[in-house]
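Open the model in your viewer and keep the selection panel at hand.

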Amino acid sequence: MIPIQPASSLSDTPEPVPDLAHYMRAGTLQFQTLPPLALYVHLPWCLKKCPYCDFNSHEMRAAELPEQPYLNALMADLEAALPLIWGRSVQTVFIGGGTPSLFSPQAIDQLISGIRARLKIAANAEITLEANPGTFEKDRFKAFHGAGVTRLSVGVQSFHDEFLTTLGRVHNRAQALDALAEAATVFDTFNLDLMYALPGQTLAMLQADVATALSFAPKHLSVYHLTIEPNTLFAKHPPAKVDDDLAADMLDQITAMTAAAGLQRYEVSAYAQAGHACQHNLNYWQFGDYLGVGAGAHSKLSFAHRVVRQVRLRDPARYMVHAVAGNAVAQSFEVKRDELPFEFMLNALRLAGGFDLSLFPERTGLPLSKVQAAMEQAVQQGLLLRQGSQVQPSVRGFDFLNDLQALFLPSNA
Ligand SMILES: C[S@@+](CC[C@H](N)C(=O)[O-])C[C@H]1O[C@@H](n2cnc3c(N)ncnc32)[C@H](O)[C@@H]1O
Ligand code: SF4
(Lines give C-alpha, C1' and ligand atoms only; values in the text may rest on other atoms or scores of the structure.)
(Ligands and ions follow the chains in the order given, each with its own letter.)
Protein backbone atom coordinates (compact mmCIF):
# COMPACT_ATOMS: atom_id res chain seq x y z
CA MET A 1 0.00 0.00 0.00
CA ILE A 2 1.47 3.30 -1.06
CA PRO A 3 0.00 6.41 0.55
CA ILE A 4 -0.89 8.16 -2.66
CA GLN A 5 -4.65 7.82 -2.89
CA PRO A 6 -5.90 9.19 0.42
CA ALA A 7 -9.32 10.77 0.83
CA SER A 8 -8.93 14.45 0.13
CA SER A 9 -11.00 17.31 1.42
CA LEU A 10 -9.40 19.63 -1.13
CA SER A 11 -11.04 20.99 -4.26
CA ASP A 12 -12.61 18.53 -6.70
CA THR A 13 -13.24 20.87 -9.62
CA PRO A 14 -11.21 20.93 -12.82
CA GLU A 15 -8.32 23.35 -12.96
CA PRO A 16 -6.47 24.43 -16.12
CA VAL A 17 -3.03 22.83 -16.28
CA PRO A 18 -0.16 25.20 -17.13
CA ASP A 19 1.62 24.31 -20.35
CA LEU A 20 5.08 22.83 -20.72
CA ALA A 21 6.74 26.23 -21.31
CA HIS A 22 5.45 27.36 -17.90
CA TYR A 23 6.97 24.34 -16.20
CA MET A 24 10.24 24.70 -18.12
CA ARG A 25 10.86 28.32 -17.10
CA ALA A 26 13.87 29.18 -14.93
CA GLY A 27 13.76 28.18 -11.27
CA THR A 28 15.98 27.44 -8.30
CA LEU A 29 16.24 23.64 -8.62
CA GLN A 30 18.89 22.13 -10.89
CA PHE A 31 18.17 18.66 -12.23
CA GLN A 32 21.09 17.09 -14.13
CA THR A 33 18.88 14.21 -15.30
CA LEU A 34 15.19 13.55 -14.78
CA PRO A 35 14.19 10.68 -12.45
CA PRO A 36 12.79 7.41 -13.85
CA LEU A 37 9.10 7.65 -14.72
CA ALA A 38 6.32 5.23 -13.68
CA LEU A 39 2.65 5.13 -14.68
CA TYR A 40 -0.15 4.60 -12.15
CA VAL A 41 -3.69 3.88 -13.37
CA HIS A 42 -6.52 4.13 -10.84
CA LEU A 43 -9.69 2.04 -11.25
CA PRO A 44 -11.96 3.39 -8.50
CA TRP A 45 -14.67 0.76 -7.93
CA CYS A 46 -15.13 -2.11 -5.47
CA LEU A 47 -17.99 -4.53 -4.89
CA LYS A 48 -18.22 -3.24 -1.33
CA LYS A 49 -16.41 -0.52 0.63
CA CYS A 50 -14.25 -1.98 3.42
CA PRO A 51 -14.76 -0.15 6.75
CA TYR A 52 -11.03 0.60 7.21
CA CYS A 53 -10.33 1.88 3.69
CA ASP A 54 -9.77 5.54 2.83
CA PHE A 55 -8.66 4.93 -0.74
CA ASN A 56 -10.65 6.56 -3.52
CA SER A 57 -12.90 3.54 -3.98
CA HIS A 58 -16.65 3.48 -4.53
CA GLU A 59 -19.19 0.68 -4.38
CA MET A 60 -20.40 -0.65 -7.73
CA ARG A 61 -22.15 -3.83 -8.88
CA ALA A 62 -20.03 -5.70 -11.44
CA ALA A 63 -22.87 -5.59 -14.02
CA GLU A 64 -23.05 -1.79 -13.76
CA LEU A 65 -19.35 -1.10 -14.16
CA PRO A 66 -18.92 1.62 -16.86
CA GLU A 67 -15.92 -0.13 -18.39
CA GLN A 68 -15.84 1.44 -21.82
CA PRO A 69 -16.63 5.04 -20.77
CA TYR A 70 -13.96 4.79 -18.09
CA LEU A 71 -11.38 3.39 -20.54
CA ASN A 72 -12.20 6.24 -22.93
CA ALA A 73 -11.71 8.74 -20.10
CA LEU A 74 -8.36 7.18 -19.12
CA MET A 75 -7.07 7.40 -22.69
CA ALA A 76 -8.14 11.04 -23.03
CA ASP A 77 -6.55 11.79 -19.65
CA LEU A 78 -3.30 10.12 -20.73
CA GLU A 79 -3.25 11.97 -24.04
CA ALA A 80 -3.76 15.32 -22.32
CA ALA A 81 -0.82 14.55 -20.01
CA LEU A 82 1.61 13.52 -22.76
CA PRO A 83 3.18 16.97 -23.33
CA LEU A 84 4.39 16.97 -19.70
CA ILE A 85 6.32 13.72 -20.13
CA TRP A 86 7.38 14.20 -23.70
CA GLY A 87 10.15 11.84 -24.86
CA ARG A 88 10.33 9.94 -21.56
CA SER A 89 9.79 6.20 -21.34
CA VAL A 90 7.80 4.49 -18.64
CA GLN A 91 9.65 1.94 -16.49
CA THR A 92 6.70 0.32 -14.68
CA VAL A 93 2.89 0.35 -14.79
CA PHE A 94 0.67 -0.22 -11.75
CA ILE A 95 -3.07 -0.73 -12.20
CA GLY A 96 -4.46 -0.11 -8.73
CA GLY A 97 -7.66 0.72 -6.99
CA GLY A 98 -10.25 0.16 -5.93
CA THR A 99 -10.50 -3.31 -7.33
CA PRO A 100 -8.99 -3.45 -10.82
CA SER A 101 -9.78 -7.18 -11.07
CA LEU A 102 -13.48 -6.20 -11.28
CA PHE A 103 -12.68 -5.09 -14.82
CA SER A 104 -12.91 -7.82 -17.45
CA PRO A 105 -9.68 -9.23 -18.91
CA GLN A 106 -10.80 -7.76 -22.28
CA ALA A 107 -10.97 -4.30 -20.70
CA ILE A 108 -7.53 -4.73 -19.10
CA ASP A 109 -6.20 -5.87 -22.48
CA GLN A 110 -7.65 -2.76 -24.12
CA LEU A 111 -6.19 -0.60 -21.34
CA ILE A 112 -2.66 -1.99 -21.65
CA SER A 113 -2.76 -1.84 -25.46
CA GLY A 114 -4.04 1.74 -25.26
CA ILE A 115 -1.18 2.69 -22.95
CA ARG A 116 1.38 1.00 -25.21
CA ALA A 117 -0.02 2.86 -28.23
CA ARG A 118 0.49 6.23 -26.51
CA LEU A 119 3.62 5.77 -24.40
CA LYS A 120 7.04 4.23 -24.71
CA ILE A 121 7.06 1.36 -22.18
CA ALA A 122 10.49 -0.05 -21.25
CA ALA A 123 11.24 -3.59 -22.45
CA ASN A 124 10.28 -6.16 -19.77
CA ALA A 125 8.48 -3.47 -17.77
CA GLU A 126 6.76 -4.70 -14.61
CA ILE A 127 2.98 -4.34 -15.09
CA THR A 128 1.11 -4.97 -11.83
CA LEU A 129 -2.64 -5.41 -11.37
CA GLU A 130 -4.37 -5.43 -7.97
CA ALA A 131 -6.84 -8.26 -7.52
CA ASN A 132 -9.44 -9.12 -4.89
CA PRO A 133 -10.20 -12.82 -4.30
CA GLY A 134 -13.90 -11.88 -4.30
CA THR A 135 -13.65 -11.22 -8.05
CA PHE A 136 -11.83 -14.48 -8.75
CA GLU A 137 -13.18 -16.98 -11.22
CA LYS A 138 -11.39 -19.79 -13.03
CA ASP A 139 -9.06 -18.65 -15.85
CA ARG A 140 -9.54 -14.93 -15.05
CA PHE A 141 -5.94 -14.50 -13.83
CA LYS A 142 -4.64 -16.36 -16.90
CA ALA A 143 -6.54 -13.91 -19.06
CA PHE A 144 -5.05 -10.93 -17.17
CA HIS A 145 -1.62 -12.45 -17.78
CA GLY A 146 -2.47 -12.85 -21.45
CA ALA A 147 -3.46 -9.17 -21.53
CA GLY A 148 0.10 -8.21 -20.53
CA VAL A 149 -0.04 -8.12 -16.71
CA THR A 150 3.29 -9.46 -15.39
CA ARG A 151 2.63 -9.26 -11.65
CA LEU A 152 -0.56 -9.80 -9.67
CA SER A 153 -1.09 -8.29 -6.22
CA VAL A 154 -3.79 -10.15 -4.32
CA GLY A 155 -5.53 -8.42 -1.38
CA VAL A 156 -6.06 -11.26 1.10
CA GLN A 157 -5.76 -9.44 4.49
CA SER A 158 -6.31 -12.60 6.58
CA PHE A 159 -7.07 -16.30 6.20
CA HIS A 160 -9.43 -16.26 9.21
CA ASP A 161 -13.08 -15.99 8.21
CA GLU A 162 -13.91 -14.09 11.43
CA PHE A 163 -11.42 -11.32 10.56
CA LEU A 164 -12.52 -11.23 6.94
CA THR A 165 -16.03 -10.56 8.25
CA THR A 166 -14.85 -7.86 10.68
CA LEU A 167 -12.88 -6.26 7.85
CA GLY A 168 -15.98 -6.27 5.63
CA ARG A 169 -14.23 -8.27 2.92
CA VAL A 170 -16.30 -9.71 0.08
CA HIS A 171 -14.32 -12.98 0.10
CA ASN A 172 -13.77 -15.81 2.55
CA ARG A 173 -10.75 -17.98 3.36
CA ALA A 174 -11.61 -20.62 0.74
CA GLN A 175 -11.83 -18.02 -2.04
CA ALA A 176 -8.52 -16.50 -0.93
CA LEU A 177 -6.83 -19.93 -1.08
CA ASP A 178 -8.27 -20.63 -4.56
CA ALA A 179 -7.19 -17.23 -5.85
CA LEU A 180 -3.64 -17.64 -4.52
CA ALA A 181 -3.28 -21.16 -5.92
CA GLU A 182 -4.18 -19.77 -9.34
CA ALA A 183 -1.95 -16.68 -8.97
CA ALA A 184 1.00 -18.92 -8.06
CA THR A 185 0.42 -21.05 -11.16
CA VAL A 186 -0.01 -18.22 -13.60
CA PHE A 187 2.44 -15.55 -12.42
CA ASP A 188 6.18 -15.84 -11.88
CA THR A 189 5.99 -13.03 -9.33
CA PHE A 190 2.86 -12.29 -7.38
CA ASN A 191 2.30 -10.35 -4.19
CA LEU A 192 -0.18 -10.89 -1.44
CA ASP A 193 -1.36 -8.28 1.04
CA LEU A 194 -1.98 -9.19 4.66
CA MET A 195 -2.97 -6.96 7.55
CA TYR A 196 -2.04 -7.50 11.20
CA ALA A 197 -2.94 -6.04 14.60
CA LEU A 198 -6.54 -6.92 13.79
CA PRO A 199 -9.14 -6.56 16.56
CA GLY A 200 -8.94 -9.68 18.76
CA GLN A 201 -6.00 -11.19 16.85
CA THR A 202 -3.57 -13.30 18.88
CA LEU A 203 0.06 -13.99 18.08
CA ALA A 204 -0.86 -17.57 17.16
CA MET A 205 -3.53 -16.37 14.71
CA LEU A 206 -1.05 -14.00 13.10
CA GLN A 207 1.51 -16.81 12.82
CA ALA A 208 -1.10 -19.00 11.13
CA ASP A 209 -1.90 -16.23 8.61
CA VAL A 210 1.78 -15.69 7.75
CA ALA A 211 2.42 -19.46 7.53
CA THR A 212 -0.53 -19.91 5.17
CA ALA A 213 0.65 -17.01 3.03
CA LEU A 214 4.18 -18.46 2.87
CA SER A 215 2.84 -21.90 1.90
CA PHE A 216 2.16 -20.41 -1.55
CA ALA A 217 5.86 -19.45 -1.84
CA PRO A 218 5.16 -15.85 -2.88
CA LYS A 219 8.22 -13.93 -3.98
CA HIS A 220 6.70 -10.79 -2.48
CA LEU A 221 4.56 -10.21 0.59
CA SER A 222 3.14 -6.95 1.98
CA VAL A 223 2.01 -6.91 5.61
CA TYR A 224 0.33 -3.76 6.92
CA HIS A 225 -0.48 -2.78 10.49
CA LEU A 226 -4.22 -1.99 10.51
CA THR A 227 -4.53 1.79 10.75
CA ILE A 228 -7.69 3.67 11.59
CA GLU A 229 -8.01 6.33 8.92
CA PRO A 230 -10.14 9.47 9.30
CA ASN A 231 -13.46 9.44 7.41
CA THR A 232 -13.84 5.66 7.46
CA LEU A 233 -16.47 3.54 9.18
CA PHE A 234 -13.79 2.28 11.58
CA ALA A 235 -13.00 5.89 12.57
CA LYS A 236 -16.67 6.37 13.50
CA HIS A 237 -17.00 2.99 15.23
CA PRO A 238 -13.47 2.01 16.23
CA PRO A 239 -12.81 -1.72 16.71
CA ALA A 240 -10.87 -2.97 19.76
CA LYS A 241 -7.25 -1.83 19.54
CA VAL A 242 -4.41 -4.34 19.70
CA ASP A 243 -1.93 -3.55 22.46
CA ASP A 244 1.28 -1.89 21.13
CA ASP A 245 3.55 -4.54 22.71
CA LEU A 246 1.58 -7.34 21.07
CA ALA A 247 1.69 -5.52 17.72
CA ALA A 248 5.49 -5.18 18.10
CA ASP A 249 5.76 -8.92 18.84
CA MET A 250 3.66 -9.60 15.74
CA LEU A 251 6.00 -7.54 13.60
CA ASP A 252 9.00 -9.46 14.99
CA GLN A 253 7.24 -12.72 14.12
CA ILE A 254 6.44 -11.55 10.59
CA THR A 255 10.06 -10.50 10.02
CA ALA A 256 11.44 -13.78 11.43
CA MET A 257 9.03 -16.05 9.54
CA THR A 258 9.49 -14.27 6.22
CA ALA A 259 13.29 -14.26 6.66
CA ALA A 260 13.23 -18.02 7.30
CA ALA A 261 11.33 -18.37 4.01
CA GLY A 262 13.96 -16.31 2.15
CA LEU A 263 12.02 -13.03 2.03
CA GLN A 264 13.82 -9.93 3.25
CA ARG A 265 12.07 -6.96 4.84
CA TYR A 266 13.26 -4.34 2.36
CA GLU A 267 10.71 -1.66 3.25
CA VAL A 268 8.56 -0.92 6.30
CA SER A 269 5.73 -3.21 5.12
CA ALA A 270 7.29 -5.10 2.19
CA TYR A 271 9.13 -8.44 2.11
CA ALA A 272 10.67 -9.99 -0.99
CA GLN A 273 13.04 -12.58 -2.32
CA ALA A 274 16.25 -11.12 -3.76
CA GLY A 275 15.47 -9.60 -7.16
CA HIS A 276 11.69 -9.52 -6.55
CA ALA A 277 11.19 -6.15 -4.84
CA CYS A 278 8.28 -4.28 -6.42
CA GLN A 279 9.95 -2.03 -9.00
CA HIS A 280 6.99 0.32 -9.17
CA ASN A 281 6.91 0.93 -5.42
CA LEU A 282 10.70 1.18 -5.26
CA ASN A 283 10.40 4.09 -7.65
CA TYR A 284 8.10 5.91 -5.18
CA TRP A 285 10.47 5.22 -2.31
CA GLN A 286 13.46 6.38 -4.33
CA PHE A 287 11.60 9.59 -5.06
CA GLY A 288 11.15 8.82 -8.74
CA ASP A 289 8.52 10.45 -10.96
CA TYR A 290 5.06 9.06 -11.65
CA LEU A 291 2.16 10.04 -13.80
CA GLY A 292 -1.14 9.00 -12.23
CA VAL A 293 -4.22 8.80 -14.44
CA GLY A 294 -7.73 7.90 -13.29
CA ALA A 295 -10.09 9.28 -10.66
CA GLY A 296 -8.22 10.84 -7.73
CA ALA A 297 -4.81 9.70 -9.01
CA HIS A 298 -1.74 11.60 -7.83
CA SER A 299 1.27 12.53 -10.00
CA LYS A 300 4.75 13.79 -9.25
CA LEU A 301 6.65 15.11 -12.24
CA SER A 302 10.07 16.74 -12.36
CA PHE A 303 11.21 19.37 -14.82
CA ALA A 304 14.65 20.95 -15.21
CA HIS A 305 14.00 23.48 -12.41
CA ARG A 306 10.95 22.30 -10.43
CA VAL A 307 8.91 19.39 -9.08
CA VAL A 308 5.17 19.47 -9.73
CA ARG A 309 2.40 17.50 -8.07
CA GLN A 310 -1.06 16.96 -9.56
CA VAL A 311 -4.27 15.38 -8.26
CA ARG A 312 -7.02 14.32 -10.64
CA LEU A 313 -10.76 14.75 -10.03
CA ARG A 314 -11.78 12.36 -7.33
CA ASP A 315 -15.41 11.61 -8.05
CA PRO A 316 -15.49 8.92 -10.79
CA ALA A 317 -18.54 10.33 -12.61
CA ARG A 318 -17.13 13.87 -12.66
CA TYR A 319 -13.73 12.50 -13.62
CA MET A 320 -15.20 10.71 -16.66
CA VAL A 321 -17.07 13.82 -17.86
CA HIS A 322 -14.05 16.11 -17.58
CA ALA A 323 -11.32 13.65 -18.60
CA VAL A 324 -12.83 13.10 -22.05
CA ALA A 325 -12.55 16.86 -22.51
CA GLY A 326 -8.86 16.62 -21.52
CA ASN A 327 -9.59 18.37 -18.24
CA ALA A 328 -9.09 15.81 -15.46
CA VAL A 329 -6.77 17.72 -13.14
CA ALA A 330 -8.28 19.18 -9.95
CA GLN A 331 -5.09 20.47 -8.36
CA SER A 332 -1.57 21.13 -9.52
CA PHE A 333 1.15 22.79 -7.51
CA GLU A 334 4.92 23.07 -7.29
CA VAL A 335 6.61 21.39 -4.35
CA LYS A 336 8.29 24.14 -2.33
CA ARG A 337 12.07 24.04 -2.35
CA ASP A 338 12.30 23.82 1.44
CA GLU A 339 9.82 20.91 1.58
CA LEU A 340 11.77 18.68 -0.81
CA PRO A 341 14.31 17.33 1.74
CA PHE A 342 11.51 16.06 4.01
CA GLU A 343 9.52 14.66 1.09
CA PHE A 344 12.60 12.82 -0.14
CA MET A 345 13.41 11.40 3.32
CA LEU A 346 9.77 10.49 4.00
CA ASN A 347 10.13 8.02 1.13
CA ALA A 348 13.78 7.00 1.00
CA LEU A 349 14.11 6.24 4.73
CA ARG A 350 11.32 3.66 4.44
CA LEU A 351 13.87 1.48 2.65
CA ALA A 352 15.74 -0.82 5.05
CA GLY A 353 18.84 -0.60 2.84
CA GLY A 354 18.62 3.19 2.66
CA PHE A 355 20.11 4.97 -0.34
CA ASP A 356 23.28 6.29 -1.90
CA LEU A 357 23.85 9.97 -1.11
CA SER A 358 24.06 10.79 -4.82
CA LEU A 359 20.32 10.03 -5.02
CA PHE A 360 19.41 13.16 -3.03
CA PRO A 361 20.67 15.79 -5.53
CA GLU A 362 19.64 13.57 -8.42
CA ARG A 363 16.00 13.36 -7.28
CA THR A 364 15.48 16.77 -5.65
CA GLY A 365 17.63 19.08 -7.77
CA LEU A 366 19.09 20.40 -4.48
CA PRO A 367 22.68 20.25 -3.20
CA LEU A 368 23.47 17.62 -0.56
CA SER A 369 24.43 20.43 1.83
CA LYS A 370 20.67 20.99 2.39
CA VAL A 371 20.47 17.79 4.48
CA GLN A 372 24.00 17.58 5.87
CA ALA A 373 23.19 19.06 9.32
CA ALA A 374 20.04 16.98 9.82
CA MET A 375 21.89 13.82 8.75
CA GLU A 376 24.66 14.50 11.26
CA GLN A 377 22.04 15.01 13.97
CA ALA A 378 20.38 11.71 12.99
CA VAL A 379 23.72 9.87 13.12
CA GLN A 380 24.47 11.38 16.56
CA GLN A 381 21.07 10.27 17.84
CA GLY A 382 21.78 6.73 16.67
CA LEU A 383 18.91 6.81 14.14
CA LEU A 384 20.97 6.78 10.95
CA LEU A 385 24.01 4.77 9.83
CA ARG A 386 26.50 6.14 7.34
CA GLN A 387 29.10 4.08 5.53
CA GLY A 388 30.90 5.84 2.70
CA SER A 389 28.24 7.26 0.42
CA GLN A 390 25.54 4.86 1.68
CA VAL A 391 23.10 5.91 4.42
CA GLN A 392 20.45 3.73 6.01
CA PRO A 393 18.20 3.86 9.05
CA SER A 394 19.68 2.07 12.08
CA VAL A 395 17.54 -0.62 13.72
CA ARG A 396 16.38 2.06 16.19
CA GLY A 397 15.82 4.53 13.35
CA PHE A 398 13.63 1.99 11.56
CA ASP A 399 11.66 1.41 14.77
CA PHE A 400 11.23 5.16 15.34
CA LEU A 401 10.95 6.18 11.72
CA ASN A 402 8.69 9.19 12.37
CA ASP A 403 11.33 10.70 14.68
CA LEU A 404 14.04 10.11 12.10
CA GLN A 405 12.01 11.59 9.23
CA ALA A 406 10.96 14.58 11.37
CA LEU A 407 14.60 15.72 11.59
CA PHE A 408 14.28 16.70 7.92
CA LEU A 409 11.18 18.90 8.32
CA PRO A 410 11.62 22.47 7.02
CA SER A 411 11.21 23.79 10.59
CA ASN A 412 14.32 21.80 11.54
CA ALA A 413 16.49 23.06 8.67
C1 LIG B 1 -5.86 -0.15 -2.07
S2 LIG B 1 -5.79 -1.72 -1.43
C3 LIG B 1 -5.93 -2.52 -2.99
C4 LIG B 1 -6.21 -4.00 -2.98
C5 LIG B 1 -7.64 -4.43 -3.18
N6 LIG B 1 -8.51 -3.35 -3.35
C7 LIG B 1 -8.06 -5.22 -1.97
O8 LIG B 1 -8.32 -4.59 -0.96
O9 LIG B 1 -8.10 -6.42 -2.09
C10 LIG B 1 -4.13 -2.08 -1.02
C11 LIG B 1 -3.89 -2.69 0.33
O12 LIG B 1 -3.82 -1.69 1.32
C13 LIG B 1 -4.02 -2.28 2.59
N14 LIG B 1 -4.84 -1.34 3.38
C15 LIG B 1 -5.83 -0.55 2.95
N16 LIG B 1 -6.32 0.19 3.98
C17 LIG B 1 -5.60 -0.13 5.08
C18 LIG B 1 -5.62 0.28 6.47
N19 LIG B 1 -6.50 1.18 6.91
N20 LIG B 1 -4.73 -0.28 7.31
C21 LIG B 1 -3.83 -1.18 6.86
N22 LIG B 1 -3.78 -1.61 5.59
C23 LIG B 1 -4.64 -1.10 4.70
C24 LIG B 1 -4.70 -3.61 2.35
O25 LIG B 1 -3.83 -4.65 2.70
C26 LIG B 1 -4.97 -3.60 0.86
O27 LIG B 1 -4.84 -4.87 0.29
S1 SF4 C 1 -11.46 -3.78 -1.69
FE2 SF4 C 1 -9.49 -2.67 -1.36
S3 SF4 C 1 -9.76 -0.63 -2.28
FE4 SF4 C 1 -11.80 -1.62 -2.13
S5 SF4 C 1 -12.63 -0.79 -0.26
FE6 SF4 C 1 -11.63 -2.72 0.27
S7 SF4 C 1 -9.47 -2.19 0.79
FE8 SF4 C 1 -10.40 -0.42 -0.20
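H2 spans residues 67–81 and H3 residues 105–118. Helices here are DSSP runs (H or I, at least four residues) and strands likewise (E, at least two), numbered from the N terminus. The H2 and H3 axes are 11 Å apart, at an angle of about 15 degrees. Axes are lines fitted to C-alpha atoms over the stretch in contact, with angles from 0 to 180 degrees between N-to-C directions. H2 and H3 are therefore roughly parallel (angles under 35 degrees).

This is a predicted model: local features need pLDDT of at least 70, side-chain atom pairs pLDDT 80 or more, while totals for chains, interfaces and linings use all residues. Residues are numbered from 1 along each chain as its sequence is written, chains are lettered from A and ligands numbered from 1 in written order, and side-chain values use heavy atoms, without hydrogens and water.

Next, select H7 (203–214) and H9 (244–260): their axes come within 10 Å and cross at roughly 25 degrees. That makes H7 roughly parallel to H9. Their crossing is right-handed.

Now the backbone. Most residues other than glycine have a negative phi, and most peptide bonds are trans. Select Gly-97 and Gly-98: the peptide bond between them is cis, omega near 20 degrees. Gly-98 lies in the loop between strand S4 (89–97) and H3. Then pick Ala-197, with a positive phi of about 60 degrees. Ala-197 is in the loop between strand S7 (189–196) and H7.

Finish at ligand 2. Gly-98 returns here, among the residues around ligand 2, including Cys-46, Tyr-52 and Arg-169 (a heavy atom within 4 Å).

Definitions and conventions
Parallel < 35°, antiparallel > 145°, perpendicular 65-115°, else oblique. Left-handed = near helix turned anticlockwise from the far one by under 90°.
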